[in-house]
Amino acid sequence: MYQKNQLLEVEITDITNDGEGVGKLDGYTFFIKDALIGDRVQFIVTKVKKTYGYGKVKTVISPSEYRIKAKCPDARRCGGCQIQELSYERQLKFKRDKVINNLIRLGGFEREFLESIEEPIMGMKDDCFRYRNKAQFPVGYDKEGNLIAGFYAGRTHNIMPIDDCMIGAYENKSILQAILEWMKRYGISAYDEVMHKGVVRHVLIRKGFALIDRLLSVAKIQSISYSINKEKTNVIMGNGYKTLYGSDTITDSIGNLEFKISPLSFYQVNPVQTRMLYEKALEYADLGGSETVWDLYCGIGTISLFLAKKAGHVYGVEIVPQAIEDAKENAKINKLNNTDFYVGKAEEVIDRLWEKNKDSKEGTEGYRMTHPDVIVVDPPRKGCDELCLSTILKMSPDRIVYVSCDSATLARDLRLLCDNGYVLKSFTPCDMFPHTVHCEVAVSMSRDRARQ
Ligand code: SAH
């Protein structure tokens, strides 16, 4: 039996979905942090179970052909980037394989079928650093009591000071420094999670990339606001916010659409890849100009407005009230008045509207909204609620476009839809988060006419 802290050597033969290297010793499997497929490593055993154990790399004895030097000196300690030492090409293959494996293992689809309908993963073309438009830095103290801001070390709530994150914006560093100096000068304390004491929990910085480009790289602060959160929780933001400086929202654009974004609204973090993803979703929606479309989990209406340019009418649903206010405003700014937005849980809103309008006469709005041509969903990681999926099935659109940030819950939901009259047409993984293990996927489905 192996023991904790033991030093061992192994050949890495696979990668887990979480980016750990897999090595086998006499039929016993080790999952090893920072080890890459193709490496031979010396590692420290960190945990021992009956048939498998965990470890972390001590030294790389012979490096994998995919191993590169991490750009960030803190890549191994930080919980943000799990695979920065893997070449970008190999990262893309890892993500594509992860999607396929989840669809097989959790969705029960056949490999051969999936490979016949998959489209190549959309990776970043240029620099795949500095891509994030949003960063959230926890603020706290180090062991000596110095005020620090940074990131949580992997799988902990210990803050490690980081003043320049390589996947974040250049401006973050000077903004953070200014805030820490201000806190020191005025004796404003950082929040202590354990004692539930102190004032500042996090600094959240969001940058409108497009606008900055237009200003020829002159960074300009558009808005400063604060959000009060008195709860004993590690949720970052409270329910509201107050603007201290500038406007209540910042502005960004994707393609030729402009978006206002308020602090509490979700907005995709990688603007370059977001555009690729939305264009793919639009292609899968296959619109001719007259269709009725639902965009569920619509956020500030980004996908909705992309669709509205090509559709008859688009209805959006989103749970965060401020995001729906943004969505309505964004529809106005972009002069797309063929849109309507609802606040609420997607599952509740569409179920309510279905019950109310399902028997409406053909040609009425009630009929159109309950018999849409296309439904687009873009849920958070936990996927769609069952009630949401069952109402979608009742509404029976010709096409469903599923945009997912977690291929495990995607696989579960696709299985349910495919068992109830839909077929997978095509799917495209999209790398929104280089150097992390996360992967976005756009999926095209249509109603199986043979089974109707
Ligand atoms: N399509 C948008 C947002 C996708 S993120 C975009 O591309 O920007 C998922 C969104 O779902 C978030 O805005 C989140 O607030 C919202 N959400 C989470 N649970 C929800 C639910 N049950 N019903 C409706 N919206 C929900």
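A nonpolar patch on the surface is formed by Ile221, Ile224, Tyr226, Ile228, Leu244 and Tyr245, which together have about 590 Å² of accessible area. The model described here is predicted. Strands β10 (223–226) and β11 (242–246) each contribute at least two residues to this patch. Ile221 is located in the loop between α4 (209–214) and β10. Its relative accessibility is 39%, so Ile221 counts as partly exposed.

**Ligand site**

The shell around the ligand comprises 17 residues, of which Gln268, Tyr278, Glu318, Ala346 and Asp378 come nearest. By class, this shell has 9 nonpolar, 4 polar and 4 charged residues. Helices α6 (302–308) and α8 (346–357) each supply at least two residues of the shell.

The side chain of Tyr278 places an N or O atom 2.5 Å from an oxygen atom of the ligand. A polar backbone atom of Ala346 lies 2.8 Å from a nitrogen atom of the ligand, and an N or O atom in the side chain of Glu347 lies 3.4 Å from a ligand nitrogen atom. The ligand taken alone exposes 570 Å², and the protein buries 90% of that area.

**Salt bridges**

The whole structure contains 23 salt bridges.

| Pair | N to O distance |
|---|---|
| Glu118 and Arg96 | 2.6 Å |
| Glu279 and Arg275 | 3.2 Å |
| Lys358 and Glu355 | 3.1 Å |

The bridge between Glu118 and Arg96 links distant parts of the chain: Glu118 is in the loop between α2 (111–117) and β6 (134–141), whereas Arg96 belongs to helix α1 (residues 88–105), 22 residues apart. Arg96 is buried because its relative accessible area is 19%, below the 20% limit. Glu118, at 22% relative accessibility, counts as partly exposed.

Glu279 and Arg275 both lie in helix α5 (residues 271–285), where they are 4 residues apart, about one turn of the helix. Glu279 is partly exposed, with a relative accessible area of 37%; Arg275 is likewise partly exposed, at 40%.

In the bridge between Lys358 and Glu355, Lys358 is partly exposed with a relative accessible area of 28%, and Glu355 is partly exposed with 41%. Elsewhere, salt bridges that share partners join Lys93, Arg96, Asp97, Arg111, Glu115 and Glu118 into one network.

Key
Residues numbered from 1 in each chain as written. Predicted model: local features only at pLDDT ≥ 70, side-chain atom pairs only at ≥ 80, totals over all residues. Heavy atoms only, no water. Near = heavy atom within 4 Å. Polar contact = N/O pair within 3.5 Å; in protein donor to acceptor, adjacent residues only side chain to side chain. Areas by Shrake-Rupley, 256 points an atom, 1.4 Å probe, with all protein chains shown as cover. Nonpolar A, V, L, I, M, F, W, Y, C, P; charged D, E, K, R; others polar. Patch = residues over 30% accessible without salt bridge, like charges linked within 9 Å, V, L, I, M, F, W, Y side chains within 5 Å. Salt bridge = Lys/Arg side-chain N within 4 Å of Asp/Glu carboxyl O. Buried < 20%, exposed > 50% of the residue type's maximum accessible area, 1.4 Å probe, protein only.
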